[in-house]
2 protein chains.
Amino acid sequence: MNFCSHCGSDQLEERIPDGDDRLRIVCRNCHTVHYSNPKIVAGCLPIWEDQVLLCRRSIPPRKGYWNIPSGYLEHAETVEEGALREVWEEARARVEILQLHAIFSIPHIGQVYLHFLAQLTEPDFSPGPESLEVQLFREAEIPWDQLAFSSSRFSLKHYWNDRRAGLRQVHLGGTQYDLLGNPIR
Amino acid sequence: MNFCSHCGSDQLEERIPDGDDRLRIVCRNCHTVHYSNPKIVAGCLPIWEDQVLLCRRSIPPRKGYWNIPSGYLEHAETVEEGALREVWEEARARVEILQLHAIFSIPHIGQVYLHFLAQLTEPDFSPGPESLEVQLFREAEIPWDQLAFSSSRFSLKHYWNDRRAGLRQVHLGGTQYDLLGNPIR
C-alpha cells in the first residue's frame with residue numbers, strides 16, 4: 001500500500017490508532033485506518049471408496065505439487081459454498097459435504113484453512129484451469145514429499161488416522177514461523 | 001475505495017480480470033487487481049457450571065445488546081489465539097478452549113464466525129472497553145430478544161440443545177439476505 005485508497009494521499013504511516021492496541025496503516029491526511037485481516041482458504045478432501053482426490057497445481061505457488069482442492073473464500077458465499085466451488089474449479093468434480101475436518105491457521109501469512117470431508121457423487125473429474133492433473137490416491141499412494149502445503153499434509157494425515165480409528169472429529173492446527181522463517185511448531 | 005492503493009490513480013473500474021470469473025476493482029492505470037475477501041470473527045462461549053458468559057456491547061453496531069465475546073481475527077494469530085484474545089478484551093476473562101462449536105457464514109456482509117466452547121478457569125470477569133456489562137446466564141435467563149447478532153442466537157441455541165442431549169459437535173450455519181435485505185434462510 002503506497003497511497004490511501006480513500007483520499008489518494010501518499011502520507012501513510014504505521015501507528016497504533018487511538019483506542020487500538022496494534023499497528024495499522026493510517027492516512028495522515030484523511031485519518032482513514034486501513035485494516036487488513038487474515039483470509040479464509042476453503043476446500044474439500046473428496047473421498048471415493050478408499051481413495052481421496054488431489055490436484056496437481058498448474059500455477060504458483062508450489063506449481064507441480066499436489067494439493068487438496070481449496071482456495072480463497074469469496075464475498076457472497078458461505079464457507080460450504082466456497083469449498084464446493086473450489087472442488088469444481090480445480091477438479092471439475094461434484095461432491096457432498098460430510099463434515100468439517102480441519103481448521104489450520106498459518107498466522108505469518110494470514111491464512112486460515114477450512115477443510116471439509118466430502119463424498120464424490122461419482123468418480124468423475126478432470127483438471128480445471130489451475131490444475132495439471134487430478135487423481136485418486138489410496139493411502140499408500142499419497143505423494144507425501146510432493147504435497148504443496150502443510151495444510152494438505154495435516155488434513156491427509158488426520159484423515160487416514162481417523163479412518164483407521166473409525167472417528168469423525170475436527171482437527172485444529174497450524175504452523176508458525178519465527179522472524180527468520182523457520183517453523184516453530 | 002476511491003484511489004488505487006498501489007499507484008494513487010483514481011481510474012478504478014469494476015470488471016472481470018482475464019482468467020477470473022467475478023467482478024473485481026481493477027486500476028486502469030497500473031492494472032493492479034484489488035481483491036477483497038470475507039473476514040473471520042473468532043470468539044468463545046465461556047462456560048461456568050450451568051451458565052454461559054455474555055457481554056453487553058458498548059459500541060455500535062448493536063450497542064446495548066448481548067453477544068458472545070468475539071471479534072475480527074488479526075494477522076499473526078491463530079484462530080484459537082484470536083478467540084482467547086477476544087474473551088480477554090471484551091470480558092476480562094481467562095478460558096480454556098474445549099472444542100470448536102460453530103461456523104456461521106454471513107455472506108452478504110463477508111463475515112464468517114468461528115465460535116469455540118471454552119471453560120472459564122475461574123468465575124472472574126469484568127467489562128473490557130467494548131462492553132457495558134459482562135454476566136453469567138443460565139438457559140432460562142438468556143436474553144433471547146436482546147442478542148446482538150444472529151451468530152450468537154445460533155451458537156446459544158445449539159449449545160443448550162447439545163448440553164441436554166450430551167452431544168459434542170460442530171454446527172454449520174449461516175444467514176443470507178436477498179437484494180432487499182430480507183433473510184432468505
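**Close-up views of a predicted two-chain model**

**View 1. Three strands of chain B form an open sheet in the order S1-S2-S3, with antiparallel pairing.** Strands are DSSP runs of E with at least two residues, helices are runs of H or I with at least four, and both are numbered from the N terminus. Two strands pair if DSSP finds at least two bridges between them. Strand S2 of chain B, residues 24-27, pairs with S3(B) in the antiparallel sense over two bridges. Ile25(B) stands opposite His34(B) of S3(B).

The model is predicted: local features need pLDDT of at least 70 and side-chain atom pairs count only at pLDDT 80 or more, whereas totals for chains, interfaces and linings use all residues. Residues are numbered from 1 along each chain as its sequence is written, while chains are lettered from A and ligands numbered from 1 in the order in which they are written.

**View 2. Chain A is assigned domain 1 (8-36) and domain 2 (39-174).** The bounds come from an automatic or database domain assignment. A distance of 37 Å separates the C-alpha centres of domain 1 and domain 2 of chain A.

**View 3. In the contact between the chains, 33 residues of chain A meet 33 residues of chain B.** Contact requires C-beta atoms, placed from the backbone, within 7 Å. On the side of chain A that touches chain B, strand S4 (39-48), helix H1 (79-91), strand S8 (95-106) and strand S11 (171-174) of chain A each supply at least two residues. S8(A) gives the most to this side, with three residues.

**View 4. The largest nonpolar core has 78 residues, and Ile40(A) and Ile40(B) have the most contacts inside it.** Such a core is a set of buried Ala, Val, Leu, Ile, Met, Phe, Trp, Tyr and Cys residues joined through C-beta atoms within 7 Å. Not counting residues up to four places away in sequence, Ile40(B) touches Pro38(A), Ile40(A), Val112(A), Leu73(B), Val79(B), Val112(B) and Leu114(B).

**View 5. Leu117(A) lies in strand S9 of chain A, residues 111-120.** Leu117(A) counts as buried because it has 21 C-beta neighbours inside 10 Å; the cut-off for a buried residue is 20 or more other C-beta atoms within 10 Å of its own. Apart from neighbours within four places in sequence, Leu117(A) is in contact with Leu45(A), Ile47(A), Leu98(A), Gln99(A), His101(A) and Tyr159(A). Ala76(A) is 41 residues from Leu117(A) along the chain, and their C-alpha atoms are separated by 22 Å.

Terms used. Buried ≥ 20, exposed ≤ 12 C-beta atoms within 10 Å, placed from the backbone. Contact = placed C-beta atoms within 7 Å.
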